[in-house]
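The parts are taken in turn, from the overall layout to single residues.

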Amino acid sequence: MKLHIKNMVCNRCKMVVKAELEKLGFKPLLVELGEVTLAENISPEEKIKISDNLTRFGFELLEDRKTQIAEQIKTAIINLVHYTQEPLKINLSAYLGEQLKLEYTSLSAIFSEVENQTIEKYFIAQKIEKAKEMLTYGELTLSEIAYQLNYSSVAHLSAQFKKVTGITPSVYKAASTDSRKTLDEVK
């Protein structure tokens with residue numbers, strides 16, 4: 001049986017969900033971002049028990065198919081932006097279509113309906129969050145960051161960065177405070 005879980009955005013989330021399911025006596029066969037495969041079917045009462053337990057950690061069981069698809073889109077984008085080592089030289093619509101086995105137009109319509117924003121806007125927000133992370137660590141130049149995140153130029157990255165955050169990457173880097181968000185807070 002598969003469970004779809006909102007706000008699973010990192011490996012630590014996977015560990016927490018797996019540990020909590022095991023504490024409740026379930027046997028997760030596979031724990032991926034946003035999805036768990038259990039060895040057995042569960043009753044509605046057990047599903048409520050799992051939901052209540054996971055809610056304490058900021059997770060949410062997803063029942064609605066459209067909400068599940070929107071969450072799968074977000075998970076695919078987070079994987080692409082935050083956990084891929086190569087530069088982001090990829091066609092997003094083709095990538096999402098391949099990952100979710102649905103036409104991009106359907107994915108786009110569902111995502112917009114559920115999340116009240118476009119996939120592209122969410123993708124940009126994730127890229128800017130990754131740029132903030134890279135700027136915080138200070139290991140790459142702005143030019144290298146623009147290349148890694150598949151921006152056509154530093155100017156393009158800077159313009160999008162300022163549009164999303166209200167400040168330029170240089171001002172962000174110079175500031176001593178870290179205004180990064182957790183991945184489940186990025187919208």
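## Overall layout

The protein chain has nine helices and four strands. The model is a predicted one. Read along the sequence, the elements follow the pattern β-α-β-β-α-β-α-α-α-α-α-α-α. The C-alpha trace spans about 55 × 40 × 30 Å along its principal axes.

Of the 187 residues in the protein chain, 41% are buried. Among contacts with a separation of 6 or more, 63% are between residues 24 or more positions apart.

## The sheet

The four strands form an open sheet, and their order in it is β2-β3-β1-β4. The pairing is antiparallel. The edge strands are β2 (28-32) and β4 (60-62), each of which pairs on one side only. On average, neighbouring strands of this sheet are turned by 30 degrees against each other, direction ignored. As a general point, strands of a sheet pair through backbone hydrogen bonds, either parallel or antiparallel.

Strand β1 (residues 2-6) pairs with strand β3 (residues 35-38) over three bridges, in the antiparallel sense. His 4 has Glu 35 as its bridge partner in β3, and Lys 2 has Thr 37. Strand β3 is also joined to β2, by four bridges, and these two strands run antiparallel. Here the bridge partner of Val 31 is Val 36 in β3. β2 and β3 form a hairpin with two residues between them. In its turn, Gly 34 has a positive phi of about 80 degrees.

Which residues of β3 point one way, and which the other way? Glu 35 and Thr 37 point one way, while Val 36 and Leu 38 point the other way. All four of these residues are buried.

## Helices on the sheet

Helix α1 (residues 11-23) lies across β1, β2 and β3. Its direction runs at about 155 degrees to β2. Helix α3 (residues 65-83) also packs on the sheet, where it touches β1, β3 and β4. The direction of α3 makes about 65 degrees with that of β1.

Gln 68 is a residue of helix α3. Gln 68 is buried, because its relative accessible area is 10% and buried means under 20%. Leaving out residues up to four places away in sequence, Gln 68 touches His 4, Leu 62 and Glu 63. The side chain of Gln 68 reaches the backbone oxygen of Leu 62 at 2.9 Å.

## Helix packing and the nonpolar core

Helix α3 also packs with helix α6 (residues 119-137), at an angle of about 35 degrees. The axes of α3 and α6 are 10 Å apart, and the crossing is right-handed. Residues of α3 that meet α6 include Ile 73, Ile 77 and Val 81.

The largest nonpolar core has 48 residues. Those with the most contacts inside this core are Ile 5, Ile 73, Ile 77 and Leu 96. What is Leu 96 in contact with, leaving aside its neighbours within four places in sequence? The residues are Ile 73, Ala 76, Ile 77, Lys 101, Tyr 104, Leu 107 and Ile 119.

## Two loop residues with positive phi

Most residues other than glycine have a negative phi. Asn 7 has a positive phi of about 80 degrees although it is not a glycine. Asn 7 is found in the loop between β1 and α1. Is Asn 7 buried or exposed? Asn 7 is buried, with a relative accessible area of 17%.

Lys 101 is not a glycine either, and its phi is positive, at about 60 degrees. Lys 101 is found in the loop between α4 (92-100) and α5 (104-115). Lys 101 counts as exposed because its relative accessibility is 66%, and exposed means over 50%.

## A residue in helix α8

Lys 163 lies in helix α8 (residues 154-165). With a relative accessible area of 75%, Lys 163 is exposed. Lys 163 and Ile 128 are 35 residues apart in sequence. In space, their C-alpha atoms are 10.0 Å apart.

Terms used. Residues numbered from 1 in each chain as written. Predicted model: local features only at pLDDT ≥ 70, side-chain atom pairs only at ≥ 80, totals over all residues. Heavy atoms only, no water. Core = buried A, V, L, I, M, F, W, Y, C linked by side-chain atoms within 4.5 Å. Buried < 20%, exposed > 50% of the residue type's maximum accessible area, 1.4 Å probe, protein only. Contact = heavy atoms within 4.5 Å. Pairing = 2+ DSSP bridges. Axes fitted to C-alpha atoms, helices over the stretch in contact; angles between N-to-C directions. Polar contact = N/O pair within 3.5 Å; in protein donor to acceptor, adjacent residues only side chain to side chain. Left-handed = near helix turned anticlockwise from the far one by under 90°.
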